[in-house]
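Dear colleague,

Please find below the structure that I am handing over to you, followed by an account of what was found in it. I would be grateful if you read the account with the model open.

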Amino acid sequence: MEEKNEEKIRIMIADDFPLLLEDMCELIDKQSDMEVVGTANSGKRIVELAKETEFDIILMDIEMENLNAGITATEEIREQLGNASIIFLTVHDTNEMILTAMGAGAVDYIVKGCGEEEILNHIRNAYAGNPIMERKVHDVVMQEYVRLQKSEKSLLFFINNLSQLTATERALIKKLLEGKTVKEIAKERCVETVTVKTQIKGLLRKFGCNRTKEVIKIISDLNITHLFL
C-alpha cells in the first residue's frame, strides 16, 4: 500500500449479504471524508482485491462462503500486507469468536445492529490509529490477556521448580506418572505410607498445587514426561 490519501479514507467492504453491502456503500460514500474503493462477497475475493487495490480500512464480515471466511481472509491479508487495518463487522458476538477474530490480526470488532454513526466512528478512529473497541469486545480481550499472563507466570514458576527437584522427588514423580498409588509406592520403597505422603506434600508445595493430579497434568501438557521416565 502507498501513502494514505489524506482527503478521504479509502474503504473496502466484504459481505455476502447484498442489501447490507449496498447500504454500507451508500452510507460511506455519503461521508465527505470516506469513499468505497472495492467490494467483495467472499473471503477469497477480498484477498484478491487487497493485493491490487490501494485501501486504508477493510470492513470484514466473518461468515461468507464458509463460517470463518472472514477470519481466514484476514490472516492471509495480514500475512501479505503486514499492517493492513481490518475491522470485523459481524452478527457473531460470542467470546470465542471475538478472540478468534482479534487473534487473526483485526484492529477492531463491531457487532452488526449498532448505529450508523457508531460504525463511522469506529472507522475514523481505526484510521487515526486509535481503534475503539465495543465494551464487550474490550472486556473479552482483556480477560484473555489476564488469563494468559497468569498462565505464563504459572508456567515459568513450574519450570523453575523442575530444576530444583531432588533425586527422590524425581523418582516419586516417575512413580506417579506410572499411575502408582501411595500404598504401591511405599511398598516398592519399603517405607511407611506416611513417609510417601510427606514427600508428596513437599512436592505439592514446591509446585503450588493441591493434588498430585495437577502436577501430572502440567507435566503431560508440557510434553516433558520423558524427563522422569
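Strands S4 (residues 85–90) and S5 run parallel and are joined by four bridges. Within this pairing, Thr90 stands opposite Val111 in S5. Strand S5 covers residues 108–111; Asp108 and Ile110 point one way from it, Tyr109 and Val111 point the other way, and all are buried. Please bear in mind throughout that this is a predicted model.

Salt bridges come next. The count comes to 11 salt bridges. One of them joins Arg10 to Glu54, with the closest N and O atoms 3.2 Å apart. Arg10 lies in strand S1 (residues 9–14) and Glu54 in the loop between H2 and strand S3 (57–60), so this pair ties together parts that are 44 residues apart in sequence. Arg10 counts as buried because its relative accessibility is 7%, whereas Glu54 is partly exposed, with a relative accessible area of 37%.

Lys112 takes part in a salt bridge with Asp15, at 2.8 Å from N to O. This pair links distant parts of the chain, as Asp15 is in the loop between S1 and H1 and Lys112 is in the loop between S5 and H5, 97 residues apart. Asp15 has a relative accessibility of 3% and therefore counts as buried, while Lys112, at 21%, counts as partly exposed. Lys112 also forms a salt bridge with Asp61, where the closest N and O atoms are 3.6 Å apart. Here, too, distant parts of the chain are linked: Asp61 belongs to the loop between S3 and H3, and the two residues are 51 apart. Asp61 is buried, with a relative accessible area of 5%.

A network of salt bridges links Lys174, Lys175, Glu178, Lys180 and Glu188.

The negative patch is formed by Glu22, Asp23, Glu26, Asp29, Glu116 and Glu117. Helix H1 (18–29) and helix H5 (116–127) each supply at least two of its residues, and H1 gives the most, with four. Asp23 is found in helix H1 and, at 47% relative accessibility, counts as partly exposed. The positive patch consists of Lys183, Lys197, Lys201 and Arg205. Helix H9 (residues 193–207) gives the most to this patch, with three residues. Lys183 is found in helix H8 (residues 182–189) and is exposed, with a relative accessible area of 64%.

In the loop between H8 and H9 sits Cys190. Its phi is near 60 degrees, a positive value in a residue other than glycine. Cys190 counts as exposed, at 70% relative accessibility.

Ala73 is found in helix H3 (residues 69–81) and is buried, with a relative accessible area of 2%. Ala73 and Ile46 are 27 residues apart in sequence and 7.2 Å apart in space, C-alpha to C-alpha. Glu48 lies in helix H2 (residues 43–52) and counts as partly exposed, at 32% relative accessibility.

With kind regards

Definitions and conventions:
Residues numbered from 1 in each chain as written. Predicted model: local features only at pLDDT ≥ 70, side-chain atom pairs only at ≥ 80, totals over all residues. Heavy atoms only, no water. Patch = residues over 30% accessible without salt bridge, like charges linked within 9 Å, V, L, I, M, F, W, Y side chains within 5 Å. Areas by Shrake-Rupley, 256 points an atom, 1.4 Å probe, with all protein chains shown as cover. Salt bridge = Lys/Arg side-chain N within 4 Å of Asp/Glu carboxyl O. Lys, Arg positive; Asp, Glu negative; His and termini not counted. Charge placed at Lys NZ, Arg CZ, Asp CG, Glu CD. Buried < 20%, exposed > 50% of the residue type's maximum accessible area, 1.4 Å probe, protein only. Pairing = 2+ DSSP bridges.
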